[in-house]
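Open the structure in your viewer and keep the selection panel handy. We will go from stop to stop, picking residues as we go.

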Amino acid sequence: MEKESVLLDRLKSGSNRDIIRIYDDHKGAFVRFATKYPIASEDVLDIYQDAIIVLWEHARQGKLDGLKSSIKTYLFGVGKYMMLNRLKKTSMQQPMVDEITEIPDNLYDETLRRERVELLRKGFRQLGNQCQKILRMFYYDGKKLDEIQTELGYANKDVLKSQKSRCLKQLKELTKEKLHGA
Amino acid sequence: MEHEALITGYFEGTLTAEQQRAFDRLLVEDAGFAQEVEFQREVRQAITLDQRAQLKQLLRDHEQHNKPTLRMRWWIGAAAAVLLVVGGGTFLWHRASSARVLYAEYYQTYPNTVMPTVRGEQPGFLEQQAFRAYDNADYANAEKLFGDLYRQSGEDYALLYRGVSLLELGRFTTADSVLSGYPAEGSLYVYARWYRALSLLRLGKRDESRELLAELADGQTPVSQEAQQLLNRL
């Protein structure tokens with residue numbers, strides 16, 4: 001087994017090959033661990049994949065930097081939480097009469113928001129490579145503009161800033177077209 | 001502080017206590033500001049969902065790839081038999097055409113990240129001409145001007161932009177040789193490698209292209225993800 005620090009670096013690097021390697025390393029043990037819970041075997045792998053994604057995101061966001069336990073323990077902790085959550089949802093699927101009174105006031109807003117986010121996601125896929133890269137690095141990887149400037153080789157920050165603004169504007173227009181077209 | 005800078009600071013997590021107060025106040029008092037912040041939060045959410053979906057697909061594909069079912073094994077056997085019967089000629093033709101398709105799918109003009117329209121900057125005359133030609137998609141002139149610029153100034157980026165201009169002109173062999181000259185210590189090195197991998201692919205040199213892509217996929221660069229995707233499809 002690799003040293004924890006090496007494993008953490010691998011996770012942070014985020015190359016597909018590294019993620020798959022970590023996935024394979026712990027899969028067998030996770031499947032055995034999951035037999036404690038009454039979850040269908042096809043769901044176990046689905047949950048394990050989600051747990052790997054959470055682990056990877058947390059590593060990149062620096063949340064595992066001061067971790068006291070091992071990465072495997074953390075991963076299994078995330079997986080366990082997800083399994084319990086799934087069990088809870090399954091048991092709550094029985095419709096309850098009282099539920100109708102508990103619909104939150106902002107449900108309508110929430111549905112609209114979800115629709116907008118979905119449109120933004122589609123719009124994001126339509127952007128050029130460079131725009132996707134800049135926006136992904138800023139909003140998803142949580143990188144600062146200075147870091148992006150260095151990594152992408154921009155001559156200065158103003159150039160990057162105006163490029164990012166153009167990308168956002170383009171995304172806004174793509175979404176607007178669809179909202180009106182819908 | 002400008003509104004845009006406040007929003008950037010908010011997403012970067014770099015606002016000072018005072019800036020945070022200004023941010024919170026604007027959020028309540030300025031509807032336009034609040035709307036922009038909300039839009040960018042939704043963008044963040046959309047990109048996060050998109051990335052998760054991609055990762056999930058990667059893991060699912062990996063899982064399926066590892067466990068071919070009996071039915072799939074039969075299909076693989078049948079496909080291999082069909083290929084043998086149809087013959088190597090068609091196979092080679094298919095390989096060549098698929099390289100072209102992949103090239104077309106992955107190739108995108110490298111953006112001008114060096115000399116965009118920034119007020120107050122005074123670049124050299126030749127540099128300005130070269131980028132203007134490049135931005136106007138006049139690649140024949142851009143290729144010549146970046147060549148001149150490299151000879152005069154020795155700027156590394158001129159090699160990359162000349163290489164990409166050559167790719168745009170369909171001069172793959174020359175592009176390959178120009179891009180191979182980009183120094184490893186240059187700040188745009190990974191991009192020079194990426195475009196070289198694409199030119200090799202287009203030239204039918206799959207093994208060499210694959211080697212470069214594997215190297216790029218292994219690192220932590222902005223092109224690693226694309227390199228890995230392309231590698232998986234080669």
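The lining of the largest cavity holds 1 nonpolar, 1 polar and 3 charged residues (Ala, Val, Leu, Ile, Met, Phe, Trp, Tyr, Cys and Pro count as nonpolar, Asp, Glu, Lys and Arg as charged, and the others, Gly among them, as polar). To see them, select A:Glu57, A:Arg60, A:Gln61, A:Tyr140 and A:Asp141. The volume of this largest cavity is about 40 Å³, and searching the whole structure turns up 1 cavity of 30 Å³ or more. On a 1 Å grid over the protein atoms alone, a cavity is a set of points where a 1.4 Å probe fits but cannot get out, while a pocket is an open set with protein on both sides within 12 Å along at least five of seven lines; lining residues have an atom within 4 Å of a point. Grid points are joined across faces, edges and corners, and a volume is the space filled by probe spheres set on the points.

Before you click on, note that this is a predicted model, in which local features need pLDDT of at least 70 and side-chain atom pairs count only at pLDDT 80 or more, whereas totals for chains, interfaces and linings use all residues. Residues are numbered from 1 along each chain as its sequence is written, chains are lettered from A and ligands numbered from 1 in the order in which they are written, and side-chain values use heavy atoms, with hydrogens and water left out.

Next, the largest pocket, with a volume of about 1,400 Å³. Center your view on A:Asn16, B:Gln54, B:Gln225, B:Glu226 and B:Gln229, the closest to the pocket's centre of its 47 lining residues. Then color the lining by class: 10 residues are nonpolar, 21 polar and 16 charged. Which helix gives the largest share of this lining? It is α3(B), with 8 residues; helices here are DSSP runs (H or I, at least four residues), numbered from the N terminus.

Now show both chains and select where they meet. Here 51 residues of chain B are in contact (heavy atoms within 4.5 Å) with 48 residues of chain A. The area buried between the two chains is about 4,900 Å², 57% of it from carbon and sulfur atoms; buried area is the accessible area (1.4 Å probe) that two parts lose on being put together, summed over both.

For the last stop, look for salt bridges (a side-chain nitrogen of Lys or Arg within 4 Å of a carboxyl oxygen of Asp or Glu). Zoom in on A:Asp50 and B:Lys56, whose side chains form a salt bridge at 2.7 Å, N to O. Then pick B:Asp218 and A:Arg17, a salt bridge with its closest N and O atoms 3.7 Å apart. This pair crosses between chains, linking helix α11 of chain B to helix α2 of chain A.

Definitions and conventions: Helix = DSSP H or I, 4+ residues; strand = E, 2+ residues; numbered from the N terminus.
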